[in-house]
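User: Hi! Could you walk me through this one with me? I'd like to start with a contact between side chains.

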Amino acid sequence: MIRAALIGNPNVGKTEIFNRLTGLSQNVGNFPGVTVEKKAGRLVHKGQQIELVDLPGTYSLTAHAVDEIVARDYIVIERPDVIVDIVDGSNLERNLYLTMLLLEMDANLVIALNRWDMVAARGMRIDVEKLSRLLGCPVVPTVAIAGEGLEELKDSIVDVAGQKRAEGPRSAINYGDDIEQLINKVEGVIKECTALNGKYPKRWLAIKMLEGDERVMEQTRADLSSSQLVKILRIIEAGEAAIK
Ligand code: GDP
Ligand code: MG
């Protein structure tokens with residue numbers, strides 16, 4: 001069984017794609033602990049069962065809004081095999097912000113470049129191959145309302161799920177030497193912590209800790225020994241001092 005999740009900014013065609021991929025076999029519940037609707041459906045492609053979860057539409061993945069928390073907890077805790085990032089091709093720049101955040105989470109991505117009809121209608125041109133190369137994941141143009149590109153999208157989901165990626169940063173974003181050094185130091189402490197092993201993407205965790213993300217600090221506190229926690233807090237302090 002392949003576990004896949006759909007994510008995207010609001011109004012990009014996520015529901016349309018979800019419905020077309022899953023047909024009528026969807027059921028609605030709630031994400032654990034919150035009343036945000038959880039739509040899940042199943043499909044079979046190339047003999048493979050795929051469970052597809054529709055994550056809340058979101059522009060970002062901070063710990064401040066409940067939809068964003070649901071989406072990011074799902075990604076970093078449940079670790080689906082594939083994240084299908086639905087991007088509005090006619091609004092590429094704005095949409096790619098979320099894509100960058102997903103790459104930072106070490107998500108196994110497939111990108112659906114939806115509203116491909118609008119891209120042409122607006123006289124825009126997107127070099128799909130180049131985008132795929134730059135992001136390091138498959139990019140599939142789709143027109144959800146016409147069902148175009150959905151077979152290719154399913155192919156890519158199955159392909160990406162089959163590639164067992166080694167853990168480690170495929171990092172989309174380089175924050176510059178000073179910050180990268182801090183990230184590496186915090187990541188070093190995280191790697192020492194066996195209780196955290198395999199739980200979260202390590203680089204993502206390090207970045208969130210440096211950002212002072214309270215939810216991440218809470219979620220990891222019980223796993224870190226007090227000396228590990230102190231080490232991390234010292235690195236953060238030293239970093240803050242250096243930046244001021
Ligand atoms: P969601 O908010 O991401 O779930 O987006 P919806 O699936 O509700 O779609 C938002 C709007 O975009 C609806 O009016 C859809 O009919 C339309 N839409 C979805 N996909 C496409 C597409 O590929 N091309 C065009 N032109 N419109 C689309
Ligand atoms: Mg929707």
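User: Which residue does Arg215 form a salt bridge with?
Analyst: Arg215 pairs with Asp73, and the closest N and O atoms are 2.4 Å apart. A salt bridge here is a side-chain nitrogen of Lys or Arg within 4 Å of a carboxyl oxygen of Asp or Glu. Bear in mind that this is a predicted model, where local features need pLDDT of at least 70 and side-chain atom pairs count only at pLDDT 80 or more, while totals for chains, interfaces and linings use all residues. Residues are numbered from 1 along each chain as its sequence is written, chains are lettered from A and ligands numbered from 1 in the order in which they are written, and side-chain values use heavy atoms, with hydrogens and water left out.

User: Is Asp73 buried or exposed?
Analyst: Asp73 counts as buried, at 13% relative accessibility. Buried means under 20% relative accessible area, exposed over 50%, and partly exposed in between (1.4 Å probe, protein chains only).

User: And what does Arg72 meet in a salt bridge?
Analyst: The side chain of Arg72 meets that of Asp213, at 2.9 Å from N to O. This pair also joins distant parts of the chain, with Arg72 in helix α2 and Asp213 in the loop between α8 (202–211) and α9 (214–221), 141 residues apart. Arg72 is buried at 0% relative accessibility, and Asp213 is buried at 9%.

User: Let's zoom out. How is the chain divided?
Analyst: There is a domain 1 (2–167) and a domain 2 (177–243), with bounds that come from an automatic or database domain assignment. Their C-alpha centres lie 28 Å apart. The contact takes 11 residues from domain 1 and 12 residues from domain 2, where contact means heavy atoms within 4.5 Å.

User: What area is buried between domain 1 and domain 2?
Analyst: About 1100 Å², with carbon and sulfur atoms giving 49% of that. Buried area is the accessible area (1.4 Å probe) that two parts lose on being put together, summed over both. On the domain 1 side, Arg72, Val76 and Glu104 supply 44% of the area buried against domain 2, more than any other three residues.

User: How many salt bridges and polar contacts go across the interface?
Analyst: The rule finds two salt bridges between domain 1 and domain 2. It also finds four residue pairs in polar contact, both residues being at pLDDT 80 or more. A polar contact is a pair of N or O atoms within 3.5 Å; within protein, one must be able to donate a hydrogen and the other to accept it, and residues adjacent in sequence count only if both atoms are side-chain atoms.

User: Which element gives the largest share of the domain 1 side?
Analyst: Helix α2 (residues 66–78) does, with five residues. By class, the side of domain 1 that touches domain 2 has five nonpolar, no polar and six charged residues. In that scheme Ala, Val, Leu, Ile, Met, Phe, Trp, Tyr, Cys and Pro count as nonpolar, Asp, Glu, Lys and Arg as charged, and the others, Gly among them, as polar.

User: How many salt bridges does the rule count altogether?
Analyst: The count comes to 14. One of the salt bridges joins the side chains of Lys46 and Asp155, at 3.4 Å from N to O. Lys46 lies in the loop between β3 (37–45) and β4 (48–54) and Asp155 in helix α6 (residues 150–162), so this pair ties together parts that are 109 residues apart in sequence. Lys46 is exposed at 59% relative accessible area, whereas Asp155 is partly exposed at 25%.

User: Which residues are linked in a network of salt bridges?
Analyst: Lys14, Lys39 and Asp54 are.

User: New topic: where is Thr142?
Analyst: Thr142 is in the loop between β7 (139–141) and α6, and it is buried, with a relative accessible area of 1%. Leaving aside neighbours within four places in sequence, its contacts include Ile17, Trp116 and Glu148.

User: Last one: what lies 3.1 Å from a polar side-chain atom of Asn108?
Analyst: The backbone oxygen of Asp81. Asn108 is in the loop between α3 (92–104) and β6 (109–114), and counts as buried at 14% relative accessibility.

Terms used. Helix = DSSP H or I, 4+ residues; strand = E, 2+ residues; numbered from the N terminus.
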